[in-house]
Amino acid sequence: MRDRYKILTDEGIYFLTSTIVEWLPVFTKRRYFEIIIDSLNYCMKYKNLELYAYVILDNHLHLVAAAENLRSVVASFRKFTSKAIIKQLELDQMTWLLNQLKFYKKAYKTESRYQVWQEGMHPKYMQSPDMMRQKIEYIHRNPVERGYVQQPEHWVYSSARNYFTEDESIIYVERDWGF
């Protein structure tokens, strides 16, 4: 990672943020959200990702997660979703957005014509239940603060339903934090 933030240990729970380059609005249609949802579900099933909270917005996502080798899981998730997003953008003939992803690609990234994600996921180690609660509240309030919904549990692409209602969100989340 070319980022000052690092996953210090592969044990423990982290708050992670991943942002589309230049905050471009990629997640504007259900099929783009589903790329993230399907990839997170895959990582939980096959890579032992434990997901405690999440929100997916138009140009970034937040996760509270843990895994035995979180660095590897995160790298795999980002690589897969980048390719899938580009493929879907090409199918949808979203030339203007592809041009932006090409324009903002870092010069040293020679393995692709495009760059989807900004570098790093800005991991923050969850040191206490209070810190965990604060980050989860922040995640769930994000769509409300942006004016998308009135209540956190109304945003479909969030784990708020798991915490505030009897309903499950579209992705299973672990609510036993283990502290």
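Two strands count as paired if DSSP finds at least two bridges between them. Keep that rule in mind for this predicted model. Four strands here form an open sheet, in the order E2-E3-E1-E4, and their pairing is antiparallel. Strands E2 (50–56) and E4 (124–125) stand at the edges. Each has a single partner strand, so one side of each is left without a neighbour in the sheet.

Strand E1 (residues 14–19) and E4 run antiparallel, and two bridges join them. Tyr14 stands opposite Tyr125 in E4. Helix H4 (residues 129–145) packs on the sheet. Helix H4 touches E1, E2, E3 and E4, and its direction makes about 30° with that of E2. Now find helix H1 (residues 30–46). Helix H1 lies across E2 and strand E3 (60–66). Its direction is at about 175° to E2.

Next, step back to the whole chain. The protein has five helices and four strands. From the N terminus, the elements run β-α-β-β-α-α-β-α-α. The radius of gyration is 16 Å, close to the 16 Å that the globule rule gives for 179 residues, so the protein is as compact as a globular protein of that length. Along its principal axes, the C-alpha trace spans about 45 × 35 × 30 Å. Of the 179 residues, 49% count as buried. Take the contacts between residues at least 6 apart in sequence: 68% of them join residues at least 24 apart. The protein exposes about 9,800 Å², and carbon and sulfur atoms supply 47% of that area.

Now turn to the rings. The whole structure holds nine aromatic pairs. One of them is Phe15 with Tyr138. Their ring centres are 6.2 Å apart and their planes stand at 70°, so the pair is edge-to-face. Phe15 lies in strand E1 and Tyr138 in helix H4, so this pair ties together parts that are 123 residues apart in sequence. Phe15 counts as buried, because its relative accessibility is 3% and buried means under 20%. Tyr138 has 41% relative accessibility and counts as partly exposed.

Tyr42, at 44% relative accessibility, counts as partly exposed. Tyr46, at 52%, counts as exposed.

Finally, find a cluster. Ring pairs link Phe27, Phe33, Trp117, Tyr148, Trp155 and Tyr157.

Technical notes. Residues are numbered from 1 along each chain as its sequence is written. This is a predicted model: local features need pLDDT of at least 70, side-chain atom pairs count only at pLDDT 80 or more; totals for chains, interfaces and linings use all residues. Side-chain values use heavy atoms; hydrogens and water are left out. Contact means heavy atoms within 4.5 Å. Axes are lines fitted to C-alpha atoms, for helices over the stretch in contact, and angles run from 0 to 180 degrees between N-to-C directions. The radius of gyration is taken over C-alpha atoms; the globule rule is 2.2 Å times the number of residues to the power 0.38. Buried means under 20% relative accessible area, exposed over 50%, partly exposed in between (1.4 Å probe, protein chains only). Accessible areas come from the Shrake-Rupley method with a 1.4 Å probe; for residues, only the protein chains shown count as cover. Rings of Phe, Tyr and Trp (its six-membered ring) pair if their centres lie within 6.5 Å; planes under 30 degrees apart count as stacked, over 60 as edge-to-face and the rest as tilted.
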